[in-house]
Amino acid sequence: MDPITKLIEEFAHFPGVGPRQARRFAYYLLTRNADTLKEFTEALAKAKKTVGACISCYRLFSSGNTKTTHCMLCADTHRDTSLLMVVAHDVDVESVEKSSGYRGYYFVLGGTVPILETKPEERIRLKKLSSRVKEATGKGLKEIILALDLNPEGEHTGNFLTHSLAPLVKEHGIKISLLGRGLSTGTELQYSDPDTIKNALSNRAPAK
Ligand SMILES: [Zn+2]
């Protein structure tokens with residue numbers, strides 16, 4: 001395979017990037033000068049070296065050269081320990097934080113469950129979520145908020161989680177809620193504006 005095609009293929013693996021956009025990215029990079037490209041590859045290498053997953057919420061964060069195991073949000077002891085929000089991806093945490101309507105803690109599933117998936121527990125961090133919930137009950141957890149995309153896969157994931165967490169929730173008297181209908185159907189959380197997320201949060205409803 002020639003190097004340009006290879007580069008285009010690499011970009012085509014990026015989330016949300018189609019073949020046309022992959023092509024544009026590849027040609028954009030190839031028309032930069034050598035110094036710019038060097039900066040780019042160095043930034044990438046450095047990020048990869050200093051970035052790790054938080055051991056509490058599992059989102060990626062930069063620990064610099066320290067041995068920090070918790071991201072800034074999980075390390076913040078002033079947040080509300082009665083709330084745990086479950087999101088699909090790292091970027092969703094950023095979107096919710098921008099809305100400044102939430103002061104609890106997060107858990108990143110690392111994906112969603114496709115409707116016909118036969119091994120749903122392998123697509124998301126279900127075991128880690130269960131451990132996180134158990135740990136949080138010791139610190140006053142009262143509510144788990146499922147903040148998933150309002151599309152069929154997001155709904156399916158929500159149902160799967162509600163079902164899977166049912167025994168734990170019952171045992172510890174926790175409630176599970178879903179984002180309110182402030183978000184219109186088909187909406188992806190990461191593309192929602194801060195006000196919409198804030199409204200969806202204040203209009204959240206119990207999961208059935
Ligand atoms: Zn964290």
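Which residues are buried in α5? In this predicted model, the buried positions of α5 are Asp92, Val93, Ser95 and Val96. These residues lie on the same side of α5, because the arc they cover around the axis is only 165°. An α-helix has 3.6 residues a turn, so residues three or four places apart point the same way. The cover over the buried residues of α5 includes β3, β4 and α8. Just after α5, Ser100 adopts a positive phi of about 40°.

The chain is assigned two parts, domain 1 (3-49) and domain 2 (77-206). Their centres, taken over C-alpha atoms, are 32 Å apart.

The sheet is open and has five strands. Its order is β4-β3-β5-β6-β7, and the pairing is mixed. The edges are formed by β4 and β7 (205-206), each of which pairs on one side only. Strands of a sheet pair through backbone hydrogen bonds, either parallel or antiparallel. For β3 and β5 the sense is parallel, with four bridges. Within this pair, Leu83 has Glu143 of β5 as its bridge partner. Val86 is set opposite Leu146, also in β5. β5 and β6 are likewise parallel and share four bridges. Here Glu143 faces Lys175 of β6.

The largest nonpolar core comprises 36 residues. Those with the most contacts inside this core are Leu84, Met85, Val86, Val87, Tyr106, Leu146 and Ala147. At least two core residues come from each of β3 (80-87), α5 (90-99), β4 (104-108), α6 (126-137), β5 (143-146), α7 (152-172), β6 (175-178) and α8 (194-202). In soluble globular proteins, nonpolar side chains tend to be buried together.

Val86 illustrates the contacts made in this region. Leaving aside residues up to four places away in sequence, Val86 touches Phe107, Leu109, Leu129, Ile144, Ile145, Leu146, Ala147 and Leu161. Among them is Leu146, the residue that Val86 stands opposite in β5. Both Val86 and Leu146 are listed with the most contacts inside the largest nonpolar core.

Methods: Residues numbered from 1 in each chain as written. Predicted model: local features only at pLDDT ≥ 70, side-chain atom pairs only at ≥ 80, totals over all residues. Domains from an automatic or database assignment. Core = buried A, V, L, I, M, F, W, Y, C linked by C-beta atoms within 7 Å. Buried ≥ 20, exposed ≤ 12 C-beta atoms within 10 Å, placed from the backbone. Contact = placed C-beta atoms within 7 Å. Pairing = 2+ DSSP bridges. Arc of directions from axis to C-beta.
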